[in-house]
Amino acid sequence: MSTMLTVCSSQDLAAGAMRLTRWKDQEILIANCDGVFHAMEDRCSHDDGPLHEGRLDSAACTVECPRHGSIFDLGSGRPLCLPAYKPVATFPVRLESGVIKIEVD
Ligand code: FES
């Protein structure tokens, strides 16, 4: 059974911004791509780079790992270039009455 985890008000995450939340032993980044919110595990599949410290391209809806430069699609979690080749987990996001919530296991 899944859980809806409350992250923050949508007004607290501006377009082009990212923030972290935690669920159990996982850190999850939440990104605002020009008004569309995405949630993805904050751990690069190449060598555990902290993706929230990378560069967010909100128009392309991608984040670049700060360690070795793999770019991840925030919608699918798939890497778009090497050295990472495995996807990162993503989480469904819902906006309920202006509050960002993510669905976690
Ligand atoms: S740790 Fe992310 S590309 Fe190497």
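Which residue in β8 does Met40 stand opposite? Thr90 is the one. Keep that pair in mind as you go through the views below.

You're looking at a predicted model, where local features need pLDDT of at least 70, side-chain atom pairs count only at pLDDT 80 or more, and totals for chains, interfaces and linings use all residues. Residues are numbered from 1 along each chain as its sequence is written.

**View 1**
Read from the N terminus, the elements go β-β-β-β-β-β-β-β-β-β. Helices (H or I, at least four residues) and strands (E, at least two) are DSSP runs, numbered from the N terminus. The C-alpha trace spans about 40 × 30 × 20 Å along its principal axes. For 105 residues, a compact globule would have a radius of gyration near 13 Å, and the protein chain agrees, with 13 Å. That radius is taken over C-alpha atoms, and the globule rule is 2.2 Å times the number of residues to the power 0.38.

**View 2. β3 and β4 form a hairpin.**
These two strands run antiparallel and are joined by six bridges. Strands count as paired if DSSP finds at least two bridges between them. Ala31 has His38 in β4 as its bridge partner. Two residues lie between the strands of the hairpin, and Asp34 takes a positive phi near 50 degrees there. β4 also pairs with β8 (residues 90-91), in the antiparallel sense over two bridges. What holds paired strands together in general? Strands of a sheet pair through backbone hydrogen bonds, either parallel or antiparallel.

**View 3. The largest nonpolar core has 20 residues.**
A nonpolar core is a set of buried Ala, Val, Leu, Ile, Met, Phe, Trp, Tyr and Cys residues joined through C-beta atoms within 7 Å. The residues with the most contacts inside this one are Ile28, Leu29, Ile30, Ala31, Met40 and Leu51. Elements giving two or more residues to the core are β3 (26-33), β4 (36-41) and β10. The largest share, five residues, comes from β3. Zoom in on Leu51: leaving out residues up to four places away in sequence, Leu51 touches Leu29, Met40, Asp42, Cys44, Val63, Cys65 and Phe72. A contact means two C-beta atoms, placed from the backbone, lying within 7 Å.

**View 4. Three strands make an open sheet in the order β5-β6-β7.**
The pairing in this sheet is antiparallel. β5 (55-57) and β7 (71-73) are the edge strands, each pairing on one side only. From one strand to the next, the twist averages 25 degrees; axes here are lines fitted to C-alpha atoms (for helices over the stretch in contact), with angles from 0 to 180 degrees between N-to-C directions. β6 (residues 62-64) and β7 share three bridges, and Thr62 stands opposite Asp73 in β7.

**View 5. Val104 sits in strand β10 (residues 99-104).**
Is Val104 buried or partly exposed? Val104 counts as partly exposed because it has 17 C-beta neighbours inside 10 Å. The cut-offs are 20 or more other C-beta atoms within 10 Å for buried, 12 or fewer for exposed, and partly exposed in between, with C-beta atoms placed from the backbone. Setting aside neighbours within four places in sequence, Val104 is in contact with Ser2, Thr3, Leu5, Trp23 and Phe91. Ala39 is 65 residues away along the chain, and its C-alpha atom is separated from that of Val104 by 10 Å.
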